[in-house]
Amino acid sequence: MTAAIHTEGLTKEFDNGRGCRDVSITVQKGEAFGFLGPNGAGKSTFVKMLVGLIHPTEGTATIFGHPIHSLEAKKRIGYLPELFRYQEWLTGEEVIKLHAKLCGVDTKTAKERIPKLLDEVGLGSRGKGKIKNYSKGMQQRLGLAAALVSDPDIIFLDEPSSALDPVGRKEVRSILMKLKAEGKTIFLNSHMLEDVEAVCDQIALLNNGEILRTGDVGNVLQQKVTYRFKVSGYTPLVRTWLQDETGFEFEVETVHKPDSSTNTAQQELVISGHDTVWLKAELQNEEQAGWINSLLIEQGLTLYEVGKESGKLEDWFLTAVKGLSHRGERDV
Ligand SMILES: Nc1ncnc2c1ncn2[C@@H]1O[C@H](COP(=O)(O)OP(=O)(O)OP(=O)(O)O)[C@@H](O)[C@H]1O
């Protein structure tokens, strides 16, 4: 089967020596691919090459088997750029109409599709308002509608939620999941790891312009993460008992004494609870954490708080960049 996106050694070296280098990836039709990386790693540069906005200095790339820059490839693409400004004097609806025209969508189809799209991205009747009165979030929603107006097979989204509030992010996530369910291929550049976790099948981590790590989201989500349980009533015997009972290794961290800025209620809690500790264990899922909660309570300990040290994808990301002498941009 022809891959939706295939790149071999794709490289863009700007005059200043920065950019991205030797990137080889394959994304199958219907897959959602998450491209992660610190600021300046080269994610936008890579996408701009794929959508034909900048020319690679080396390497090759195809979209459904067609070379990037070919009309056949461009016909299949929708693109939401990271930083964009629309014509302030136009209305949102006019902008989408313009995009539809540029993409060769016939007038009848555009007329039916545009109001639906505006509704879907949460702009609705605000589509009749001028762009100059739009908030950043509204412009981002409009950008998403513009990317979808040609009903493309592949959608490249460069930080689609960066200007949105939590409700807006959730809405965009649902739109992405719906697109995926319709069989569209999604290429998502994002720092929003929850979105990547919810939508993507494959991920790659770019650093200093090069791929540092690739992964299958399903496998990453199987990884263990560290859970923390704040308890009082702790004795070393509790740890031994818990380890025997569960088979997990537990690390114990004493809760710090409060400083003078801590309020009295908190001070009393910590002072009276000199046996208050964080118990930490690497677990696979929330069910295991719930089981440990019940065991701790059963043993007569007071459970104050339970949490994860980080999300699974966050962990995957952080362990990959940990200890690197240089993160993000290429050192030139
Ligand atoms: N037109 C350009 N000319 C010169 N350097 C550029 C140009 N565009 C980008 N760069 C540099 O290339 C590197 C990669 O930039 P890019 O925007 O692709 O990173 P990014 O991973 O998308 O970052 P962010 O997460 O902050 O959006 C950076 O060092 C950037 O300064």
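Within strand E5, Pro67 is the bridge partner of Thr62. Helices (H or I, at least four residues) and strands (E, at least two) are DSSP runs, numbered from the N terminus. Strand E4 (residues 58–63) pairs with E5 in the antiparallel sense over two bridges; two strands count as paired if DSSP finds at least two bridges between them. Ile63 stands opposite His66 in E5. In the hairpin of E4 and E5, two residues lie between the strands, and Phe64 takes a positive phi near 45°.

The model is a predicted one, in which local features need pLDDT of at least 70 and side-chain atom pairs count only at pLDDT 80 or more, while totals for chains, interfaces and linings use all residues. Residues are numbered from 1 along each chain as its sequence is written.

Axes are lines fitted to C-alpha atoms, for helices over the stretch in contact, and angles run from 0 to 180 degrees between N-to-C directions.

Helix H1 (residues 43–50) also contributes three residues, the largest share, to the shell around the ligand. That shell holds 14 residues, the closest being Phe14, Asn39, Lys43, Ser44 and Thr45; a residue is near the ligand if its C-beta atom, placed from the backbone, lies within 6 Å of it. By type, the shell has two nonpolar, eight polar and four charged residues. Ala, Val, Leu, Ile, Met, Phe, Trp, Tyr, Cys and Pro count as nonpolar, Asp, Glu, Lys and Arg as charged, and the others, Gly among them, as polar.

A second open sheet has six strands in the order E6-E7-E8-E3-E9-E10, with mixed pairing. Its edge strands, each pairing on one side only, are strand E6 (77–80) and strand E10 (210–216). From one strand to the next, the twist averages 15°. Strand E3 (residues 32–36) pairs with strand E9 (residues 202–207) in the parallel sense over four bridges, and Leu205 in E9 is the bridge partner of Leu36.

Attention now turns to the helix pairs. Helix H3 (residues 92–102) packs against helix H5 (residues 136–148) at an angle of about 25°, with the axes 9 Å apart. H3 is therefore roughly parallel to H5, since angles under 35 degrees count as roughly parallel, over 145 as roughly antiparallel, 65 to 115 as roughly perpendicular and the rest as oblique. In this pair, Gly92, Val95, Ile96 and His99 of H3 meet Leu142, Ala145 and Ala146 of H5. The residues of this contact divide into five nonpolar, two polar and no charged.

H3 also packs with helix H4 (residues 107–120), at an angle of about 130° and with the axes 10 Å apart. This angle makes H3 oblique to H4. Gly92, Glu93, Ile96, Lys97 and Ala100 of H3 form the contact with Ala110, Ile114, Leu117 and Leu118 of H4. Six nonpolar, one polar and two charged residues make up the contact of H3 with H4.

How values were computed: Two residues are in contact if their C-beta atoms, placed from the backbone, lie within 7 Å.
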